[in-house]
Amino acid sequence: MARLYEYQGKQLLKTAKVPIPQGEVAATPQEARKIAEKIGKPVAIKSQVWAGGRGKAGGIKFANNPEEAEKVAKDILGMEIKNLKVEKVLVEEKLDVDKEYYVGVIIDASREVKAPVVMFSTEGGMDIESVPSDKIAQVTVDVLRGFRLYDALNLCVKLKVSTKVLPSIAQAIMGLYQTFKGYNCRTSEINPLIQTKDGRIIAGDCRMAIDDSSVFRHPELGIEVAREAPTPPTEFDKIAWWIEEGDLRGTCYIAQMAPDKKGLGYVGYHGIGGGGAILGVDALNRQGLKIANYADTSGNPTAAKVYRAAKVILSQPDIEGYMLGGFIVANQEQWHHAHGVVKALREELPKRPGFPCVILLCGNKEKESMEILKEGTADLQKQNPIEIYGSDKVYETEFLAKRMRALVDEYRKKRGIKA
Amino acid sequence: MAILIEKNTTVLVQGITGREGSARAAFMKGYGTKVVAGVTPGRGGEEVSGIPVFNTVEEAVKAKGPIDASVTFVPGPGLKEAVYEALDGGIKFIVMPVERVPLYDILEMLAYGKQKGAKLLGPGSIGIISPGVAAAGWLGGTPEFAKRVFVPGPVGVISRSGGQSGTVPWAIQQAGLGVSTVLHVGTEPVLGMSFSDILPLFEKDQDTKAVAIFGEIGGPYEEEAAEAVRKKEFTKPLVVYVAGAWAPEGMRFSHASSIIERGKGSAKDKIKSLKEAGVHVVDRPDEIAPTLKRLLGV
């Protein structure tokens, strides 16, 4: 996953010489106690989850001694914040905060910019979007020239940062930019950047996400799935990622949408081409069907890659149908898809008598692909309803979603489930 | 007439000996494109579909003279090197049908391209085609498929979805119309040319009477297109569809650029900004072609 936890981000900042609080990560209350003993002063115990508003949710608490640290860690570990289970806490020295700043680097894709933008604010500790614009200084980085130390100094000067702390804040901004560039971040921020009562500048909290396409350059980060998502990867996501990892022939993207399927009405969804695949989901939703997963195989993947994708999609328990949503007149030769899907259906459908499929495949080599699909599934049709459509139905999203719905209803009837 | 790729545009294929490179070089040449050379280091002296292969761009330019455009069939991690090489070889239009390109590499190559005064399409663009004239990339796929789907006519098409850049022209053709030039802008988080760069080119092209855009959630591109219309950089009829209204916030789809970030770039935002600029926004993609017909009075 391209997103990093606070404790991971802080380690990267440390290597870029940005001061971080003394502390370590713990997975058990006992570990938390030991870390607090080592620190030897009051500590903060911070839940490690990908969610904002941890403080409000009770995910950040303080402890005056190791015994208290153990107790607080016990409370926080295992709690849920915005549906995310806390599995680790960061135990850190408690800081005496005098002032809070914000530093962030984002990439601006707009026409006039297309470059990293470094932002600095004297109003840290809150959501940067709620800070008035006169309290934010920013500079667009010319990537061919690089970001210089005096760019960072100028950001501080613009907002009248006191001369005493100005050099160390500029160093921290520089360190964040170096981390951003060195680790190919998509976004990175330190918020708050803390000025302590004794005048030290320390990264209080940080958020970082690594660019998916750059993850391969950083095996040391141990990122399991190089895909951005709001939640950590499920086992299913990890299996799906193995299909894509290391195979650059076409794209295979699969994401689990409903890890805990509740009730009926889920189908395995296999889209082709992002734009078109999204259309199919809209139509299925209108028919009261939900997708158990989102998927897309496009950019001319090999039959082997398509087969693996279809196999993973079809292997999901509790789905009531499979849709190949090729809502595009594709330029890629579609026989690779036909071969891959047929192989997966031949292996998976015998395990599920009555399980229905709706297949739409259009584009280059469509005639040949239709033959492959029809021949390859002819004998399966005795047990499983499989409807196959071509480019005359490419925009018939409603029709195809209705067919899927009708077949799902029949499948329920066969299983004695009331619709 | 067409834009960016025309009858006399000379084309170089970087990575011509690979799986996609060799297949699409054959397609481009078979479709009538002037493919003058290919490059693969270590394979100089060979031929692919009758196209001479060179070791470097410099060597190709020395042998063939200045080249107008390059198509880069190289893996994502190697794209930056290929683009720098093409730019240093004096090539001013580069089509990049390459996905999974490291983001910082993209920023550097776009900045260098800008410095060199070049136009870059992609990364992640499947290509550009001017029907019956020429193609660069793999939009069109094979000559017979390209001939069947892309018929010449008055509509310029720009798409953020690779697949839809074939589907929209196909629907336009089914409705009895045709297309002037079709482009896929690409799928990566930061792109070279986008709607607002391409619309002014269609404005100047006399054969283009209207433009259709297949948009998507995420990114600033649809809002920028609306801005181009407001600034009168484009004054011909424009029909836009924006896909992905159902997407949950923070979800990322295979089109790497389709990210809904910080409340911007949602389908709702885009549609509002386009409508305010007077653009014809359709609710479903199958309404694109009928709307074009109505606006063109045919």
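Residues are numbered from 1 along each chain as its sequence is written, while chains are lettered from A and ligands numbered from 1 in the order in which they are written. Local features of this predicted model need pLDDT of at least 70, side-chain atom pairs count only at pLDDT 80 or more, and totals for chains, interfaces and linings use all residues.

Me: In which strand of chain A does A:Pro192 lie?
Reply: A cis peptide bond, with omega about 5°, joins A:Asn191 and A:Pro192. Strands (E, at least two residues) and helices (H or I, at least four) are DSSP runs numbered from the N terminus. The strand that holds A:Pro192 spans residues 185-196 and is E11.

Me: What is omega for the cis peptide bond between B:Gly122 and B:Pro123?
Reply: In chain B, B:Pro123 is found in the loop between strand E7 (119-121) and strand E8 (127-130). The cis bond that joins B:Gly122 to B:Pro123 has an omega of about 5°.

Me: Is A:Lys114 buried or exposed?
Reply: A:Lys114 sits in the loop between strand E8 (97-108) and strand E9 (115-121) of chain A, and has a positive phi of about 50° although it is not a glycine. A residue is buried if 20 or more other C-beta atoms, placed from the backbone, lie within 10 Å of its own, exposed if 12 or fewer, and partly exposed in between. Because A:Lys114 has 20 C-beta neighbours inside 10 Å, it counts as buried.

Me: Is B:Lys232 buried or exposed?
Reply: B:Lys232 lies in the loop between helix H8 (221-230) and strand E13 (238-243) of chain B, with a positive phi near 60°. Because B:Lys232 has 8 C-beta neighbours inside 10 Å, it counts as exposed.
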